[in-house]
Amino acid sequence: MQTSRKKGNLIQNLIPPLSIAAGLVLWEILVHLSDYPAFILPAPSQILLRFFRSISDGVLLYHSLITFLEVLGGLFFGTSLALLTGYYLAHHPIAESVLFPYIVASQSIPMAAIAPLLTIWFGSGMMPKILICSLVVFFPIQINVIIGLREIPRNLLDLMHSMRADRLALLRYLEIPSALPVVFGGLRISATLSVIGAVVGELTGADAGLGYLINTARGQYDTAMVFVAVGMLMLIAISLYTGIVLLERRILRWQGTD
Amino acid sequence: MDSFVKISNLSKTFPTDDGNGLEALDDINLTLAENEFVCMIGPSGAGKSTLIRILADVLQPTSGSVTFAGNQDPTRAIVFQSSNLLPWMDVLHNIALPLKIQGESETAANRRAEEWIERVGLSEFKDEWPKTLSGGMKQRVAIARALIQQPQLLLLDEPFGALDALTRDQMAIELLKTWDLQHPTVLMITHSITEAALLADRVVVFSKRPGHITHELKIPFERPRRAALRDEYSFIQIVKELRGMIMD
């Protein structure tokens, strides 16, 4: 029973990578059978070669690092601001009703529309991209902080009050741990949004980053390079997401199903 | 015995949407002597939990007062029907929590928590998350977490209400033994007449909402009491008398 289930798991774990490999082979064959030029649809093998070349001349790592730093910076500032304001708004319902229309309005502006403005105001460096990332990261986390804090059971609050817990003890022993699972949910969403935010910013006007790399490669009909850059973006988003999930699993061990 | 807490003309009305208000407690007068164990019994919704919360200082009365002997502010601990353990702390840290909130050091708090874990027979489970414990074990942790505070006033809001009948009986006996170690003043809600008769020095009977006290009965048995008491004729007579009061 136990071993057959393990075997079943193994096969199930093998299916996704095999499916990807099959897709790549199909793509390669398709390109060779058709007459598409490489600047329309490069074959996976050409993309792989382009990848190695951009690694060896350092271009890929440099631009990836810029984008990665923008994404991280945005996550850091957006999350910090969301945690602080979320905590405040959760405890001050009137302030929440006053400010919420503005927060929602700011979120309904498409980020592609404000990116040019931020570039006009702050130039083509990393700063406007970090701002865009912070903006898109902010909302999902703030909402979840408010929900997490509001959903703390009445009985647990009574319990803490009966133990004479002060604000700090309440925060440390009750509010942070009970809001964390919900906040992590917001963080997962924010991590991928942050990558999108950085690229939108870079496509609008930049002198470095993967978005900039995509723009210049397209100008030179270097479509393989565009694919490489897109792949890097996926890699960044997936590793951030995975990192957060692993962190979540470590911190929220008490939640684990066993 | 000296009076420890005096509840005078206490009423509590909760605001409702229709503006009439929900009258939970109506003119409660009750005095607990120091080290006295008092059980409250009566229909659900009679405001007994409200009274417990007012005494725990997490709720304010609409009118009337609660005064403590010498106008002091006694240490109090509360145990609810649901164990209310913090799911992100293991058994040890749940029990040590009140001490840490009071500013005791991590090591000192944990050492005293270990003593209590042993006392409630959970030594093997001290590193477990609450979700892995049975209902009875969770309630033992909750009781240990209350008693580690060495409260002068222990408030028990139907602590065994969610347990099966066998566990419930056993827990009542355990509570009796643990209470003998400290003798805090206790106000306990229960729906079990036998439990009330076994544990309490005095039982007060509540009416339907708005709750007020209809009867009081002193339970005359000597302490320390033992489980076998429940089979004695005089005990059965007391239970009968209590049942009659509730039926009124």
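Reader: What separates the centres of domain 1 of chain B and domain 2 of chain B?

Author: 25 Å, taken over C-alpha atoms. Bear in mind that this is a predicted model: local features need pLDDT of at least 70, side-chain atom pairs count only at pLDDT 80 or more, and totals for chains, interfaces and linings use all residues. On labels, residues are numbered from 1 along each chain as its sequence is written, while chains are lettered from A and ligands numbered from 1 in the order in which they are written.

Reader: How do you know where the domains of chain B lie?

Author: The bounds come from an automatic or database domain assignment. Domain 1 of chain B covers 3–75 + 153–247, and domain 2 of chain B covers 85–150.

Reader: What makes up the contact of these domains?

Author: Two residues are in contact if their C-beta atoms, placed from the backbone, lie within 7 Å. By that rule, 11 residues come from domain 1 of chain B and nine residues from domain 2 of chain B. On the domain 1 side, helix α5 (residues 165–182) of chain B gives the most, with five residues. Helices are DSSP runs of H or I with at least four residues, strands are runs of E with at least two, and numbering goes from the N terminus.

Reader: How many residues of chain A are in contact with chain B?

Author: 13 residues of chain A meet 16 residues of chain B. Of the helices on the chain A side, α7 (154–162) and α8 (167–204) each supply at least two residues, and α7(A) gives the most, with six residues.

Reader: What makes residues of that side nonpolar, polar or charged?

Author: Ala, Val, Leu, Ile, Met, Phe, Trp, Tyr, Cys and Pro count as nonpolar, Asp, Glu, Lys and Arg as charged, and the others, Gly among them, as polar. Sorted like that, the chain A side has eight nonpolar, three polar and two charged residues.

Reader: Why are β5 and β9 of chain B said to stand at the edges?

Author: Start with the sheet itself, an open one of six strands in the order β5-β6-β7-β3-β8-β9 (chain B), with mixed pairing. Strands pair if DSSP finds at least two bridges between them. β5 and β9 (213–218) of chain B each have a single partner strand, so one side of each is left without a neighbour in the sheet.

Reader: How do you know that β5(B) and β6(B) pair?

Author: The pair has four bridges, in the parallel sense, and the cut-off is at least two, so β5(B) and β6(B) qualify.

Reader: Which way do the residues of β5(B) point?

Author: Arg76(B) and Ile78(B) go one way, Ala77(B) and Val79(B) the other, and all are buried. Buried means 20 or more other C-beta atoms within 10 Å of the residue's own, exposed means 12 or fewer, and partly exposed is in between, with C-beta atoms placed from the backbone.

Reader: What makes a set of residues a nonpolar core?

Author: The members are buried Ala, Val, Leu, Ile, Met, Phe, Trp, Tyr and Cys residues joined through C-beta atoms within 7 Å. The largest has 76 residues, and those with the most contacts inside it include Cys39(B), Ile78(B) and Ala144(B). A second, separate core of 50 residues includes Val145(A) and Leu213(A).

Reader: What is the phi of Tyr221(A)?

Author: Near 55°, a positive value in a residue other than glycine. Most residues other than glycine have a negative phi, and most peptide bonds are trans. Tyr221(A) lies in the loop between α9 (210–219) and α10 (223–251) of chain A. His183(B), in the loop between α5 and β7 (185–189) of chain B, also has a phi near 55°.

Reader: Is the peptide bond from Arg223(B) to Pro224(B) cis or trans?

Author: Cis, with omega near -5°. Pro224(B) is in the loop between β9 and α7 (233–247) of chain B.
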